Amino acid sequence: MPWFDRDVQFNHYGPDRLPFGCTGASGLVQRFVELSGDDAGRAFDVLDASGGYGSACLGAGPEVIATAMADAVRTAGYVTDEIASAERALLLERLFAPGGLFADRFPAADYRVSGRNSGSEGMELALRLVLESRFDHRRLRAVPGAEERDVVLGFEGAWHGWSGGLLPLMNRRHYRIGLPSVDPERFGFRTEHIPFGDPDAAREWFASNGGRVLAVVVEPIQGDAGILTPPEGYLRELAALAKESGALLVADEVLTFAKTGRFFAMTDERGAIPTDVTVIGKSLGMGAVSTSMVIARRELGVRPTGTVSTSDLRPLTCAVIRAGLEHIVAEGLLERSATVGGRLGELLRDRLVADFPDLYREARGTGLIHGVELTDHAAANLGELRSTMIRNGVYVEFMSGAGRRSHGLRYLNATMRVAPPLVSTVDDVEAIAARLTDGSHAVRKTTS
Ligand SMILES: Cc1ncc(COP(=O)(O)O)c(C=O)c1O
């Protein structure tokens with residue numbers, strides 16, 4: 001096979017681009033082939049412990065999605081959100097009507113929802129909702145006094161996607177006024193970042209900046225920073241601090257959706273932690289469509305026609321989401337993933353961190369989202385580590401780490417993300433851990 005795509009598609013990965021191709025997949029097994037070197041052409045199977053950047057929660061080729069998709073293509077129609085759709089209504093009712101899957105947290109009386117094509121687009125819409133909350137849509141000017149709120153608070157190590165900056169290019173006053181533009185003085189906003197998971201730093205920041213904060217944007221478990229789970233009580237306190245200071249709370253659950261043994265990670269022993277906007281993505285598309293959902297309090301909105309999107313909750317997308325979520329519920333996959341994930345965490349601690357202190361510092365995580373923090377030595381040999389794991393039959397991803405951190409939090413090194421699909425069984429995670437162990441022995445040999 002000529003692998004023509006490698007030359008034609010943008011290379012976002014630089015010289016470390018992985019020398020492998022994929023010829024197909026089924027369940028957790030991906031069929032890979034070596035593309036270069038003496039072994040070029042060698043085919044081998046790889047167990048998926050990444051879910052395609054955390055998006056393929058049902059693994060490859062789930063029959064339930066194939067059937068739903070084929071049926072929807074044939075029968076569901078393709079109306080945009082200008083026209084009500086029976087398929088869309090079925091999904092939204094299943095999620096938000098009384099007794100719906102998300103209704104305890106987001107009752108339809110209090111929240112509305114919009115669909116986007118990706119996590120980044122979902123987060124863009126969340127930011128728009130935040131910015132437009134201080135703008136009078138009818139008079140096309142700031143709500144008196146609201147301009148003083150000009151800070152969006154984020155967290156060190158945060159990751160919310162790539163995008164933005166398109167607005168200034170739009171040559172239509174109606175859509176641009178009230179939003180940041182080439183004139184940074186009017187309607188602008190600044191971002192500030194505080195350490196994640198440190199309640200004292202949050203209290204301190206709000207005590208001196210509370211009056212200026214427009215919104216707080218948080219990942220309940222920081223993904224790209226290295227799978228960081230905040231201490232108990234932190235997220236609820238953050239929600240309270242935001243509320244007391246009159247700021248909106250935006251939860252970025254693009255990555256965490258359906259990965260922590262429950263649908264939402266903004267949860268503690270008292271139940272749902274209230275948010276003003278929640279964005280979910282990745283697993284929501286069941287590995288078959290790229291989609292996200294922005295769930296926002298009813299009082300939040302944008303100017304009429306301000307964020308129309310061609311693919312906002314198209315019937316096909318809704319059919320895929322509904323079939324996938326029904327399957328997850330019917331099979332008890334969330335509950336099972338909590339148990340399977342518990343075993344995965346043990347294996348990562350006992351087989352990797354304990355036996356390879358030269359390569360790994362710590363394993364942490366919950367449900368089916370785990371991180372194994374690398375030592376400086378392993379991080380310096382990242383390319384070798386990635387390829388060796390794949391050649392030993394397991395696909396994991398590597399996060400870049402949070403970068404420089406403040407307030408006494410230690411610097412985070414690169415982290416290996418182990419986040420197999422929701423359909424993984426205990427046998428699967430045992431096999432994943434065994435292959436990670438084999439890979440670690442091989443890396444130790446080649447890099448010591
Ligand atoms: C927490 C979080 N938010 C947003 C995004 C962006 O999502 P997408 O890649 O679908 O645009 C990601 C992607 O990795 C993410 O991890």
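A70 lies in helix 3 (residues 63-75). Helices here are DSSP runs of H or I with at least four residues, strands are E runs of at least two, and both are numbered from the N terminus. With 11 C-beta neighbours inside 10 Å, A70 counts as exposed. From A70 to T305 the chain runs 235 residues, and their C-alpha atoms are separated by 31 Å.

This is a predicted model, in which local features need pLDDT of at least 70, side-chain atom pairs count only at pLDDT 80 or more, and totals for chains, interfaces and linings use all residues. Residue numbers start from 1 along each chain as its sequence is written.

Now the whole protein. Its secondary structure comes to 13 helices and 19 strands. The C-alpha trace spans about 70 × 55 × 45 Å along its principal axes. Of the 448 residues, 45% are buried. Among contacts with a separation of 6 or more, 73% join residues 24 or more positions apart. A contact requires the C-beta atoms of two residues, placed from the backbone, to lie within 7 Å.

Next, the domains. The protein is divided into domain 1 (110-313) and domain 2 (332-448). These bounds come from an automatic or database domain assignment. Taken over C-alpha atoms, the two centres are separated by 30 Å. Domain 1 gives 18 residues to the contact and domain 2 gives 27. On the side of domain 1 that touches domain 2, seven residues are nonpolar, six polar and five charged. In this division Ala, Val, Leu, Ile, Met, Phe, Trp, Tyr, Cys and Pro count as nonpolar, Asp, Glu, Lys and Arg as charged, and the others, Gly among them, as polar.

D136 sits in strand 5. With 14 C-beta neighbours inside 10 Å, D136 counts as partly exposed. Leaving aside its neighbours within four places in sequence, D136 is in contact with R141, A142 and V143. A146 is 10 residues from D136 along the chain, and their C-alpha atoms are separated by 9.9 Å.

Two loop residues deserve a look. L140 is in the loop between strand 5 (135-136) and strand 6 (141-142). Its phi is near 55°, a positive value in a residue other than glycine. M286 is in the loop between strand 13 (277-280) and strand 14 (292-297). Phi of M286 is near 60°, again positive in a residue other than glycine. Are these residues buried or exposed? L140 is exposed, because 12 other C-beta atoms lie within 10 Å. M286 is buried, because 27 do.

Turn to the helix packing. The axes of helix 4 (residues 86-96) and helix 9 (residues 315-330) come within 8 Å and cross at roughly 40°. Axes are lines fitted to C-alpha atoms, for helices over the stretch in contact, and angles run from 0 to 180 degrees between N-to-C directions. The crossing is left-handed, that is, the near helix is turned anticlockwise from the far one by less than a right angle, whereas clockwise would be right-handed. Helix 4 contributes E87, R88, L90, L91 and R94, and helix 9 contributes P315, C318, A319, I321 and R322. These contact residues divide into six nonpolar, no polar and four charged.

Helix 10 (residues 333-353) comes next. Its buried residues are L333, S337, V340, G341, L344, L347, L348 and L352. What covers them includes helix 9, strand 15 (360-366), strand 16 (369-374), strand 19 (415-418) and helix 13 (426-447).

Which residues does V426 touch, leaving aside its neighbours within four places in sequence? V426 is in contact with V340 and R343. V426 lies in helix 13. V426 and V340 are 86 residues apart in sequence and 5.3 Å apart in space, C-alpha to C-alpha. V426 is partly exposed, because 14 other C-beta atoms lie within 10 Å.

Note on methods:
A residue is buried if 20 or more other C-beta atoms lie within 10 Å of its own, exposed if 12 or fewer, and partly exposed in between; C-beta atoms are placed from the backbone.
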